Amino acid sequence: MKSASMPVLLALLMVISSLSGCIFGDSESGSDGEVLAVFNYSPSSNIRTGDTVVFDASSSTPSNGVTYRWDFDADGSIDETGRSAEWQFDTTGVKTVELTVSDGSKSSSQTKEITIADATAQPPSAEITQYADDEDCSDDDIDESTHIVLWICEMDKSMTDRDVSATTTVTLDAATSEAGDSSQYITEWNWDLDSETDKDNDGDSENDVDFSGETIDWSNVAPGEYEVNLNVRNSAGLTSSDSIKVYVNYAGQWSDFEMGGNTSGNAQTLDFDVNIVYDKDQGNTIRKAVGELTYPQIDDGCFETGAGNCRAKLDIYAINEEDEEAKNTSGEALDQRTEGDCDEENNDCVHLTLSSYMFTDTESTYGDGEWTFQIRNGMANDLQVESFVIRLHYR
C-alpha cells in the first residue's frame, strides 16, 4: 500500500506547487528579477467614511507572474486580491493598508497610513495672501494682484562692493485660510518652498514640510522666481492646498565714480558680478537683465588738446561664466546712445539689455550662472561717471 500511494502523493504535491502562484489570481508563471510592492490610491486625500477608495498596484514589479494580497484593516488577513481593488472604510481614524506581492518564492510588502474622516466633515480651504511692493526701485508703481512681487533695492552701492549678492526676507501668510465649518479648526500649516523636489519620497513633490506655521518669514531669498505651496490640515483630518509665485527682482546703483583712461593701449575696465538664474525645470527663469550707464559726454576736468579729444565714449560688455562675450554696446554710434529719461545734451545714457533666451542652456546661447557686466573706457581721458545700474527682472 505504501509503495502504491507514494507516486499519487508526489503527483498531488506537484499539482499543488504548480498552483501556488495562482491561488490569489492575477498571476502568470515565470516571473524573474526583483519583487517590489508599490501601490497608490484614489482619492489620495480627504477620504470620508463610506467613500469608495480605488487601490492600484500596477507600479509593482514584475508586471506579471505575481499575486496581489490586500489587507485593509491591519488584522493580518487577506481582504482583497488582484492588481486593483476597491474598499470602503466604515470608521474614522488612521487606517493602515498593506499590499503584499509574491511570485511564489519571493515576496514584498508596502504599507501606507490613510486618514479617514467622518462622512459629514468639511475640508478646509488653503489660501496664501498675495501682496507686492508698492513701487519698484525706480519709484514706478507696481500693479500686481496675483503673485508676490518684491524688489531688492541697493541704490547706494560702494565701488568696493561690485558684487550683486543681496537677499531678502519673504513673508508668507496663510491667515485667510478657512477651517471648513464652525466646528473645525486648522491644526497644520505646512509650507513647501520647492515644488519640483520630493524630499520626503512620498510621490508628491508639493507637500514637503520646509516651514510650519500660519505665518512664516522665509529669509535669505536671492533674486529669482519661486513657486511656494501651502498645505493645511483641519481637526477632521481633511486637507487643502494653495500655491503662489514669488518674484524677487533686483536693482543696484553705483554713483559718482571715476573711470580711468586708456593710456597704455588697452581699454580700462571695471567689472560688476551678478548671478543670473534660468532653470526651466525649477520654474526659476529670469525675464531680462539690464545694465544702465550714464556719464557726461565731456568731463569737467578735460582740456581739449585736439579736435574731439574730450568726447567720452564708454561701453558695457556682458560676459558669461565661461568668459564668453555675449553682447556689448560698442557698435552704437554716439548720437544713438540715449534712452529713457536722459539729459541728451550733456550725457550719454547707454543701456544693454539681455533677454531671457540668452540664458538658456543651448549651443547658440550662453547659459545662466555667474555673469559679469563690464564697463570699458577706450578713450585716453579719465571720466567721472554719473551712475551705473544693474537690474534683474524676474517679473
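Two strands are taken to pair if DSSP finds at least two bridges between them. The model described here is predicted.

**An open sheet**

With pairing understood in this way, five strands form an open sheet in the order β2-β8-β7-β4-β5, and the pairing within this sheet is mixed. The edges are held by β2 (47-48) and β5 (80-81); each has a single partner strand, so one side of each is left without a neighbour in the sheet. Within the sheet, strand β4 (residues 67-71) and strand β7 (residues 93-102) run antiparallel and are joined by five bridges.

A search of the whole structure finds 13 aromatic pairs. Among them is the pair of F55 and W70, whose ring centres lie 5.8 Å apart with the planes at 50°, so the pair is tilted. F55 belongs to strand β3 (residues 52-56) and W70 to strand β4, so this contact ties together parts that are 15 residues apart in sequence. Are these two residues buried or exposed? F55 counts as buried, because its relative accessibility is 0%, under the 20% limit. W70 is buried as well, with a relative accessible area of 1%.

F55 also pairs with F72: the ring centres are 4.8 Å apart and the planes stand at 45°, so this pair too is tilted. Since F55 lies in strand β3 and F72 in the loop between β4 and β5, the pair ties together parts that are 17 residues apart in sequence. F72 is buried, with a relative accessible area of 2%. These residues belong to one aromatic cluster, formed by F39, Y41, F55, W70, F72 and W87.

Charged side chains also meet aromatic rings. K112 lies over the face of F39, at 5.0 Å from the ring centre. R162 is placed over the face of F272, at 5.8 Å from the ring centre.

**Disulfides**

How many disulfides does a search of the whole structure find? The search finds two, and the table sets out their values.

| Disulfide | Sulfur distance | S-S torsion | Relative accessible area |
|---|---|---|---|
| C137 and C153 | 1.9 Å | about -90° | C137 12%, C153 41% |
| C342 and C349 | 1.9 Å | about 85° | C342 13%, C349 5% |

The torsion about the S-S bond of C137 and C153 is about -90°, so this disulfide is left-handed. C137 lies in the loop between β8 (107-117) and β9 (148-157), whereas C153 lies in strand β9, so the pair ties together parts that are 16 residues apart in sequence. C137 counts as buried, while C153 is partly exposed. For C342 and C349 the torsion is about 85°, so that disulfide is right-handed. Here C342 is buried, and C349 counts as buried too.

In soluble globular proteins, nonpolar side chains tend to be buried together. In this model the largest nonpolar core has 59 residues, of which F373 and F388 touch the most other members. Strand β16 (residues 239-259) supplies the largest share of this core, eight residues. Another core lies apart from it and has 19 residues, among them I47, V53, V66 and I116.

Strand β21 (residues 314-319) has six of its six residues buried, so this strand is largely enclosed by the rest of the structure. L314, I316 and A318 point one way from β21, and D315, Y317 and I319 point the other way; all are buried.

Which strands does β21 pair with? Six bridges join β21 to strand β24 (residues 369-377), and the two run antiparallel. Strand β22 (residues 325-328) also pairs with β21 in the antiparallel sense, over three bridges. A318 takes part in both contacts: its bridge partner in β24 is F373, and its bridge partner in β22 is K327.

Key: Residues are numbered from 1 along each chain as its sequence is written. This is a predicted model: local features need pLDDT of at least 70, side-chain atom pairs count only at pLDDT 80 or more; totals for chains, interfaces and linings use all residues. Side-chain values use heavy atoms; hydrogens and water are left out. Helices (H or I, at least four residues) and strands (E, at least two) are DSSP runs, numbered from the N terminus. A disulfide is a pair of cysteine sulfur atoms within 2.5 Å. Buried means under 20% relative accessible area, exposed over 50%, partly exposed in between (1.4 Å probe, protein chains only). A nonpolar core is a set of buried Ala, Val, Leu, Ile, Met, Phe, Trp, Tyr and Cys residues joined through side-chain atoms within 4.5 Å. Rings of Phe, Tyr and Trp (its six-membered ring) pair if their centres lie within 6.5 Å; planes under 30 degrees apart count as stacked, over 60 as edge-to-face and the rest as tilted. A charge sits over a ring if NZ of Lys or CZ of Arg is within 6 Å of the ring centre and within 35 degrees of the ring normal.
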